[in-house]
Amino acid sequence: MLSDVMEDYLKAIYQLQARTGPPVSTSAIADTVGKTPATVTSMLETLEERGLVAREKYKGAELTAEGETVALEVLRHHRLLECYLAEHLDYAWSEVHEEADALEHHISEEFERRVAAALDDPVVDPHGDPIPSADLSPLDEDDATPLTAHDVGSRVVVSRVSDRDREELEYLADAGVTPGTVLEIVDIAPFGMVTVRTEDEAEQSLPESVADAISVRPAAEAGAAAGPGEVTDA
């Protein structure tokens with residue numbers, strides 16, 4: 001049986017691999033899990049002994065097929081719980097991440113099945129992140145790009161928003177910027193402030209760090225990206 005900490009490491013490695021590709025450096029894992037590189041190295045040795053990661057000297061680690069399955073299971077639990085907390089327990093989308101982190105390791109497969117059924121098998125969580133399927137198939141590659149990668153005049157639809165910072169999520173909720181929102185980029189200031197206009201003609205100025213946490217697709221693809229907006233009621 002794996003510990004909660006082991007599962008957290010596997011989840012972190014999976015998410016890092018999704019962003020940068022394997023292998024993932026020890027320092028990147030350390031930054032994500034909030035541990036020292038020495039502590040991470042020790043844990044990677046343990047996970048390698050269990051056949052969950054493969055390590056390459058001086059390059060880092062990547063998940064084995066078994067490790068990926070465990071990571072997908074934890075992610076499925078986490079993101080289903082976020083949806084349930086938001087839709088049935090009236091949690092704000094800025095609150096669900098921490099609660100799901102605490103619960104994700106401790107639910108049974110039957111509980112997971114019932115939560116999924118109660119939610120009508122959602123495909124994304126409140127932040128727009130994809131929920132792994134029940135058969136734990138690998139997630140498709142995400143072709144969304146940061147809002148900061150687009151030019152003035154671009155019309156884009158919000159695909160997902162990073163859940164890394166609770167205050168950022170509260171700020172964006174107040175600004176009306178959630179998955180499914182269509183934005184027009186009005187201005188990009190030299191120091192990084194990005195001004196966007198929503199469909200109701202309201203303009204919002206977003207600090208670069210906040211804008212960089214928003215992943216978008218061109219508005220022409222809005223039909224494919226509209227799903228997340230249907231899940232986010234928080």
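Tutor: Let us begin with the word "domain": domain bounds come from an automatic or database domain assignment. The model discussed here is predicted. On that basis, the protein is divided into domain 1 (4–63), domain 2 (68–119) and domain 3 (145–218). The centres of domain 1 and domain 3, taken over C-alpha atoms, are separated by 31 Å.

Student: Why are strand β4 and strand β5 said to pair?

Tutor: Two strands pair if DSSP finds at least two bridges between them. Strand β4 (residues 155–161) and strand β5 (residues 182–188) are joined over three bridges, in the antiparallel sense. The criterion asks for at least two bridges, so β4 and β5 count as a pair. Within this pairing, Val156 stands opposite Leu183 in β5.

Student: How do you know that β5 also pairs with strand β6?

Tutor: The same test applies. Five bridges join β5 to strand β6 (residues 194–198), and the two run antiparallel. Because at least two bridges are needed, β5 and β6 also qualify as paired. Here Glu184 stands opposite Arg197 in β6.

Student: What lies between β5 and β6 in their hairpin?

Tutor: Five residues lie between the two strands of the hairpin. In the turn, Gly192 has a positive phi of about 110°.

Student: Which residues are the closest to the centre of the largest pocket, and what is its volume?

Tutor: The largest pocket has a volume of about 1,800 Å³. It is lined by 49 residues, of which Gln15, Arg19, Arg79, Asp129 and Arg160 are the closest to its centre. To count as lining, a residue must have an atom within 4 Å of a point of the pocket, so these five meet that cut-off. The largest share of the lining, eight residues, comes from α1.

Student: What makes a lining residue of the largest pocket "charged", and how many are there?

Tutor: Asp, Glu, Lys and Arg count as charged. Arg19, Arg79, Asp129 and Arg160 are among the lining residues, and they are therefore charged by this rule. By class, the lining has 19 charged, 19 nonpolar and eleven polar residues.

Student: Which element gives the most to the lining of the second largest pocket?

Tutor: The second largest pocket holds about 180 Å³ of space. Of its 13 lining residues, Glu7, Val74, His77, Glu104 and His105 are the closest to the centre. The elements giving two or more residues to this lining are α1 and α4, and α4 gives the most, with four residues. By class, the lining has five nonpolar, three polar and five charged residues.

Conventions. Residues are numbered from 1 along each chain as its sequence is written. This is a predicted model: local features need pLDDT of at least 70, side-chain atom pairs count only at pLDDT 80 or more; totals for chains, interfaces and linings use all residues. Side-chain values use heavy atoms; hydrogens and water are left out. On a 1 Å grid over the protein atoms alone, a cavity is a set of points where a 1.4 Å probe fits but cannot get out, and a pocket is an open set with protein on both sides within 12 Å along at least five of seven lines; lining residues have an atom within 4 Å of a point. Grid points are joined across faces, edges and corners, and a volume is the space filled by probe spheres set on the points.
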